[in-house]
Amino acid sequence: MQIWVDADACPNVIKQILFHAAQRWQVSTTLVANRLLTVPPSRFIKSVQVAAGFDVADNEIVRLMQAGDLVITADIPLAADVLQKDGHALNPRGSMYTQENIREYLSMRQFMDELRSSGVDTGGPASFNHADRQAFANQLDRFLTKYSQSQL
């Protein structure tokens, strides 16, 4: 199992949690972005820079990931692609995307896109806060605990 991070829009505090988890759980973690990223020196952490462009990083993650891998992303279409490849997807705010809820997320995203394209100001997402950070850390820990127990 490997962790892949859609790193272009991932909050820095989430990256720090992931760096700590990579070391603690000794799990390979790769940040994928269309800009050069600095990561701490570790045999478990690396970054991959892809060309700039719409969905280039997303497409690279889907190409490289394997069934069972975990992808960290707020991008709902990417999460849907990950689930289709039998991977796991976790939002930086701590919500797991699942086969049971991905259609609802996709529908809401499409609805909000339609509102915005018709001129409605939807306001955007709430500011990232401590509760979001804690929810992410807790969900990541639950996932990695479950994964490590299944490897015994």
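**Sheet and helix packing**

Tutor: In this predicted model, six strands form an open sheet of mixed pairing, in the order β3-β2-β1-β4-β5-β6.

Student: Which strands stand at the edges of the sheet?

Tutor: An edge strand has a single partner strand, so one side of it is left without a neighbour in the sheet. This applies to the strands at residues 45-49 and 96-97, namely β3 and β6.

Student: In what sense do β1 and β4 pair, and over how many bridges?

Tutor: Strand β1 covers residues 3-6 and strand β4 covers residues 70-72. Within this pair, Val5 is opposite Ile72 of β4. The two strands pair in the parallel sense, and the number of bridges is three.

Student: What angle does the direction of helix α2 make with that of β1?

Tutor: Helix α2, residues 56-64, packs on the sheet and touches β1, β2 (29-33) and β4. The angle between its direction and that of β1 is about 170 degrees.

Student: Is Thr29 buried or exposed, and what is its relative accessible area?

Tutor: Thr29 lies in strand β2. Leaving aside neighbours within four places in sequence, Thr29 is in contact with Ile3, Val5, Ala22, Phe44, Ile45 and Lys46. Thr29 is therefore classed as buried, since the class requires under 20% and its relative accessible area is 0%.

Definitions and conventions:
Residues numbered from 1 in each chain as written. Predicted model: local features only at pLDDT ≥ 70, side-chain atom pairs only at ≥ 80, totals over all residues. Heavy atoms only, no water. Pairing = 2+ DSSP bridges. Helix = DSSP H or I, 4+ residues; strand = E, 2+ residues; numbered from the N terminus. Contact = heavy atoms within 4.5 Å. Axes fitted to C-alpha atoms, helices over the stretch in contact; angles between N-to-C directions. Buried < 20%, exposed > 50% of the residue type's maximum accessible area, 1.4 Å probe, protein only.
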